[in-house]
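Please open the structure in your viewer and keep the sequence panel beside it.

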Amino acid sequence: MQTAPHIDIQHGAHEQGHEDLGFWRTYIFSTDHKVIGIQYGVMALVFLFFGLMLMLAMRWQIAKPGEPIPFFGPTMAQIFGDVAAKGIMSPDLYNTFGAMHGTIMVFLAVVPLGFAAFGNYVVPLQIGAPDMAFPRVNMASFWAFFVGCVIMVASFFIPSGAAQFGWTSYSPGATTTPGDGQTYWLIGMIFLITSSLLGAVNFIVTIIQLRAPGMTWFRLPFFCWAQFVTAFLLLLAFPPLETAGVMQLMDKLLGTSFFLPTGLFVGGNPADISGGGSPLLWQHLFWFLGHPEVYVLILPAIGMVTEIIANSIRKPIWGYKSMVYALLVLGFLSFIVWAHHMYLTGMGTKISTFFQATTMIISIPSVILLTCLFISLWGGAMRFRTHTLFALAFLPMFGIGGLTGLPLGFNYSDILLHDSYYVIAHFHYVVAPGTIFGLFAGIYYWYPKMTGRKMNEALGRVHFWLSLVFMNLIFMPMFAQGMAGMSRRMSNGGASYASDDGVIGLTVEAIKSNTSISHAAFALALAQIPFIINFFWAMQKGEKVTSDNPWDSTTLEWQTPTPPPHGNFDKPIEIFRGPYEYSVPGHPVDFVPQNEPDKKN
Amino acid sequence: MDIPFTTKARPDTGLYNAKLGIWLFLASEVMLFGAFFSAYILLRVGADPGTWAHGLMNVPIGTFNTFVLIASSVTVVMAWAALKSRNYSLYRNCMIITIMCALGFLVVKSFEYAEKFRHYEVWMKDGSRMTGHIDYDDGGVKKHAYFWSTKTLIKKKIESISFTSDDANQWAPGQYYPPMTKEQLEHVKKYADKGPQHHAVVTIKSADIQRLSAFVPAHSTFFAIYFTMTALHGVHVLGGAIVLSYFLFRGRKMWQTDPDRFINRIEVGGLFWHFVDLVWIFLFPIMYIL
Amino acid sequence: MSDHTHDISKHRKTYIMVGAILLVGTLLTFALDHFESIDLKKRAGMLVATIAALSIATIKGGFVAGVFMHLNDEKKWIYWVMGFTALFAIGMLGLTIWSMKDIPGQGNQFDRTTGLPIVEKVSGK
């Protein structure tokens, strides 16, 4: 590998390191991948909290339809006006919150946290790069994201309120619903998509081009592989949604009929449009992104969990190579399964069989990933820290989420379960106790690298156990509710469909569990308090790390100063071994950093 | 440490960062325009007979604009080749031509758009349809109406419009318009075809009009996708022209200090420019010809 | 692109040649449509006209991508990326078309006022 560029560049970097950029360039309009990563992380955590709050308001309405929301009711009445009169949530506001909960959680919280925040902070460190390949593009990506977020949040405060038509924004409903909420949503999405595209280009170039000398593809930590595949998914799956977004925006603003069919009636009157459009086209373009997006949510978390499990069990990951291949197959297949979200649109048998087959095939690589991680645990010399607990909990939770997806992938069982609470439970098992546990694990794990202090272990365990219990109390009963026939998007929790015998309509038990689920949801929110306290407390008062490598890890991000300076590594770095060389026989300590030269040389 | 491979190629990939970056960006652009082309095909295949408003474009102008973009594509690659042989003045001339072509393309396009915005189709309540122009009297001055629609007629309480119809040949079967019954054809000819002199001015009562629309995106799915795609393409042309202008006006300094990096920049900018040209090469036949 | 540094003047000639080919292709497309005597749409039908116009466009696009964008001689990473992109773009189009073709009851006629399908009367009774 070429070393010459490193040496003469070293000189230039030395001068740059001493350059004082001032507060704005250092912390706000920074081009440093670590600062940008933290910016993304802070924004994403705020939105994670925001999305949770929207959910709590909805859960209140589901459990106690028509009753004023305690504590926040009067404030909501002030902000939202008529739709929240007297603090009671109207069905319109419920729709708004539902749509925005999905949008915010997916596009503003989980993807930015898993992909952008951790990706930005950790990937360049793990591959031994001084920064991302295009630092200024990286900054542009963050600010495009920021603008998108501002537009999304601003839409809550316009007179007609935010978008109401679900995070999927199906036309024609999304187009013909009066008000500007959907317009804001679309413009916001176009910014978010642009941000993702810039980010994805940057990640791919960084991982291909900026790997330190000796960092071959199969010495790459699994987290980087996960980010690499995720970036490709974003790069190639997001543009069709941008297309669809532009087209829906045209429908909304200029009166075109891309997604509006001929003979459309709105409010009992024929719509003044040319017609000739196709509502199904929106669904195809949306789900062409929508399905890969699920993997965009989950893959970074799997990557983090892999890193953390390897570190906690003190032995190499079992089947690292097969995991990488599984990941690549998963990425490829995720582009050709999308229409399993659309079985009920009147698809014919041949095409739904095709999508059913690809959907079943894609479960194979997912199972390989999970199985490798489970087998890795065998015979491990476990070190239990909070991040270990979260990473371990991720495995069964993601497993439940994945396995309960199979009935949804078969078209005949999907006919029953489609659009029910079963879908909500399945999806949230993948993303909430799945991905978000992975993200929490990542936060606890990399916090010392970012701040130089560890988070409190006792608070962390309280946070973990309460979250684990309440997550399951929320989502496990939803499977039963869904199978009992409870449809999603009902603002009164199905009260109007109640029946005593449960033959036609919903059973009493199914409706009763609304209340217990809501209680669990409020408890889950309270369970996040230890985390929030811990997060801020540890910044000032947390236990200081005594070395740059507090978890005795092998990967490169722990071989830098803490926190890493601008330019990351204080000397040119070279890689000699794979990512998970823990407990190597005959080695004095139970880990061998990737940049430690072989003794023989 | 500074970021490696900004100028020199990484030995194992043979690429410098920006080149891989622009190709990845172009990959996403392929998906973006690919989705648009897919939408075009699906909307067109799914269109009811006689609702795909093709055959209304000005083909010679479209051809001219294609020439312009192709010329700019040649000159931009020549500019890069000129730098490769260390000929800055040739580079500069080529770049100037490229940017002039880009601006020329946009100017032609905007005139083309404006022409469409005052060109109308009227759907009569008896089922006949015709295209043409609307003139109105603005304080004694005859003016072309822009952007009128059925709503305009209602809002401005217009009782009748003065409609200059296009050539009646448009009603030939197989064109945009669906085959008509003999009675309908006669009826249309009564309005539009005054024998040898076309462009007959007729007065149409608003009460007889089912729908009126200029050739704006709302006119039909054809114009919807035509305007959306060409406008998006136009944004790409404009963006490319801005970047290339930056290379033209600010390039000299970098050429003197870091010529290799400057050549790379021109190559990357050129790749984007060729892609814009490539998109137009497909847009031209599907929008203008077919 | 260091391998292109030498014989750059030869390349210049190639570029101008390709430019000329592109112009001819454009003129041909124009001619197929413009002149009554060869108006393909009318004389040979829409399908032939479409195939002809898109074939010319593909050839032109191939020259731009191959020669101007140097895709005829690129690094393997770019081939991989663009190959997968092309595959996914074709998959997006192909599977969407397939799913829109494979809709049971698609040929049904619908009543414009009621929106209900018009059921053909069963004959013979």
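Is the crossing of H5(A) and H8(A) left-handed or right-handed? Before the reply, note that this is a predicted model, in which local features need pLDDT of at least 70 and side-chain atom pairs count only at pLDDT 80 or more, while totals for chains, interfaces and linings use all residues. Residues are numbered from 1 along each chain as its sequence is written, and chains are lettered from A and ligands numbered from 1 in the order in which they are written.

**First stop: two helices of chain A**

Select residues 91-126 of chain A, which form helix H5, together with residues 181-209, which form helix H8; helices (H or I, at least four residues) and strands (E, at least two) are DSSP runs, numbered from the N terminus. The two helices pack at an angle of about 20°, with axes 11 Å apart, where axes are lines fitted to C-alpha atoms over the stretch in contact and angles run from 0 to 180 degrees between N-to-C directions. That makes H5(A) roughly parallel to H8(A), since angles under 35 degrees count as roughly parallel, over 145 as roughly antiparallel, 65 to 115 as roughly perpendicular and the rest as oblique. Their crossing is left-handed, meaning that the near helix is turned anticlockwise from the far one by less than a right angle, whereas clockwise would be right-handed.

**Second stop: helix H9 of chain A**

H8(A) and H9(A) pack at an angle of about 155°, with their axes 8 Å apart, and that makes H8(A) roughly antiparallel to H9(A). The crossing of this pair is left-handed. Of the 33 residues of H9(A), 31 are buried, so this helix is largely enclosed by the rest of the structure; a residue is buried if 20 or more other C-beta atoms lie within 10 Å of its own, exposed if 12 or fewer, and partly exposed in between, with C-beta atoms placed from the backbone. Now centre on A:Phe238, where H9(A) bends by about 30°, with A:Pro239 following within four residues. Just after the helix, A:Gly255 takes a positive phi of about 75°.

**Last stop: chain B against chain A**

Finally, show chain B, of which 36 residues are in contact with 44 residues of chain A. On that side of chain B, H1(B) gives the most, with 14 residues.

Terms used
The bend at a residue is the angle between axes fitted to the seven residues ending there and the seven starting there. Two residues are in contact if their C-beta atoms, placed from the backbone, lie within 7 Å.
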